[in-house]
Amino acid sequence: MVQDILEGLADNLLSQVPILIGLIALVGLLLQRKPAEDVIGGTLRAAIGVVIMTIGIDVFVGGLSSFQAVVSSAVGVEPPAATTTLDDFLAGPGAAAPLIIAGGFVLHLLLVRVFRSARYVYLTGHLMLWMSIVIAACFVEAFGELDRWTLVGAGSVVLACYFTLQPLWIAPLMRRVMGHDQFGLAHTTSTLALATGYGAKALRLGDPVTHDTEKLRMPRGVAFLKDMNVATALVVGVIMLIALAFADPETVAAVAGEDLAPFAWGIMQALRFAGGIAILLFGVRMFLAEIVPSFKGISDRLLPGSRPALDIPVIFPKATTAVMVGFLTSTATFLVLLGVFAAAGWFVLVPPMIMLFFGGGAGGVFGNAVAGWRGAVFGGVLNGVVLAVGQWVFWGVFSGTAPELATLADPDWYVVSAVLVAAGGVLEPLGTAAVWVIAGVVLAASVVVLAVLGRRAARAERLAAANPAADDLVRP
């Protein structure tokens, strides 16, 4: 009975982002005692905004999948062989993922309620699913077959701590990007963004004002490239046409069909890609306009001082040129490394175009916020390197469960996996009890971090009250 309830909660609410966001907006507006017309309108606009964003993602992700197939064929790579698959894992131990999501989210809300410093509520539904699968796979790789409820219990604890801490460690850079902290970032590119921001600062790559990508001056003849939609269609179109020229005809025929000539199909994919991004950005603006003010009811009544933590596209409107710079440099870096790995006989890399776009875009935006266009380039290059090396290393790590997790991954997947698998190796003599030891240590460490941050925040508030002019200097 409990299992059915938790699985229903995960499948029908937490994994359905429009419903989740709509429900959050509904509760927030009701708690603010808004008029019925505001409650209904705000709830539906928030949910519809997410649907529009998702439609945009679906449009250009479809293009990216085709792009990936064509580019892989053009450079002559085949995915590495595997003895097991993600589908096999999900039919076995991975079937616990919905239960891990439900348990993890409930514990996450409890941590946010108890600790004032745990300010952000993680609301990126599809990444809840993926992180639960990654955590389950890590425990199975480290300890073999586990009792279902051991896997669910320990996995829920680790997932809840990730949900709670991830928006916090990226919060300072997120404020720098957005110029406010009305919402946080809930995305598995956070460690890449962190490395980009602090790395660009340490290397002193540039000035965020002087070298801002959005202020780049271009010759009159190519000034049209300042329009993200135009630049996206043109650049992706050129890459697609070049890839089509070198790709295997059978692969091209499989993805393009027989209704259009390959060049016409390639141009249409580029246009759809640009159109998908335009739809995505429109949806982002629409749902942000509703979820941020409506969340105030939850922040005031249910989870004092909390804010929503949202998906990575929420940062893209702040620096659309940086998104493209990051994506292109990320893709170029990965393709160069693909050739290097193939020539050296190390590993057959698979271009993960979706992760190259979102991770590269994130690296571009965060790098730009710290060091302008040079930082954006740095973020894109770093994402390409992390994804390439990550595939190489973690294909073997997940060889007994779901090796595709290595090729579908964002940087946070690699970081979390490295920590859990390494801890499993150290604690292996304890047997399955080590799973609970790991979960307990992660929870204890998270509580300590939240307590320290809470004291720091309280001290900052006292200083701010004593000297209001110093508020910006002491805010954690």
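Which residue is the bridge partner of Tyr122 in β3? The partner is Ala309. Before I continue, please note that this is a predicted model, in which local features need pLDDT of at least 70 and side-chain atom pairs count only at pLDDT 80 or more, while totals for chains, interfaces and linings use all residues. Residues are numbered from 1 along each chain as its sequence is written, and side-chain values use heavy atoms, with hydrogens and water left out.

Let me place that pair in its sheet. Helices (H or I, at least four residues) and strands (E, at least two) are DSSP runs, numbered from the N terminus. Two strands are said to pair if DSSP finds at least two bridges between them. The open sheet consists of 3 strands in the order β1-β3-β2, with parallel pairing. Because β1 (120-122) and β2 (184-185) each have a single partner strand, they stand at the edges, and one side of each is left without a neighbour in the sheet. Strand β3, residues 307-310, pairs with β1 over 3 bridges, and 2 bridges join β3 to β2. Ala309 in β3 is also the bridge partner of Gly184.

Leaving aside residues up to four places away in sequence, Ser299 touches Pro304, Gly305 and Ser306, where contact means heavy atoms within 4.5 Å. The Ser299 side chain also reaches the backbone oxygen of Ser306 at 3.0 Å.

Finally, the salt bridges, each defined as a side-chain nitrogen of Lys or Arg within 4 Å of a carboxyl oxygen of Asp or Glu. The whole structure contains 2 of them. In one, the closest N and O atoms of Arg45 and Glu290 are 2.8 Å apart. This pair links distant parts of the chain, with Arg45 in helix α3 (residues 36-74) and Glu290 in helix α12 (residues 262-294), 245 residues apart. Arg45 is partly exposed at 39%, whereas Glu290 is buried at 16%.

Lys296 and Asp300 form a salt bridge with their closest N and O atoms 2.7 Å apart. Because they are 4 residues apart in helix α13, about one helical turn separates Lys296 and Asp300. Lys296 is partly exposed at 47%, and Asp300 is partly exposed at 44%.

Definitions and conventions:
Polar contact = N/O pair within 3.5 Å; in protein donor to acceptor, adjacent residues only side chain to side chain. Buried < 20%, exposed > 50% of the residue type's maximum accessible area, 1.4 Å probe, protein only.
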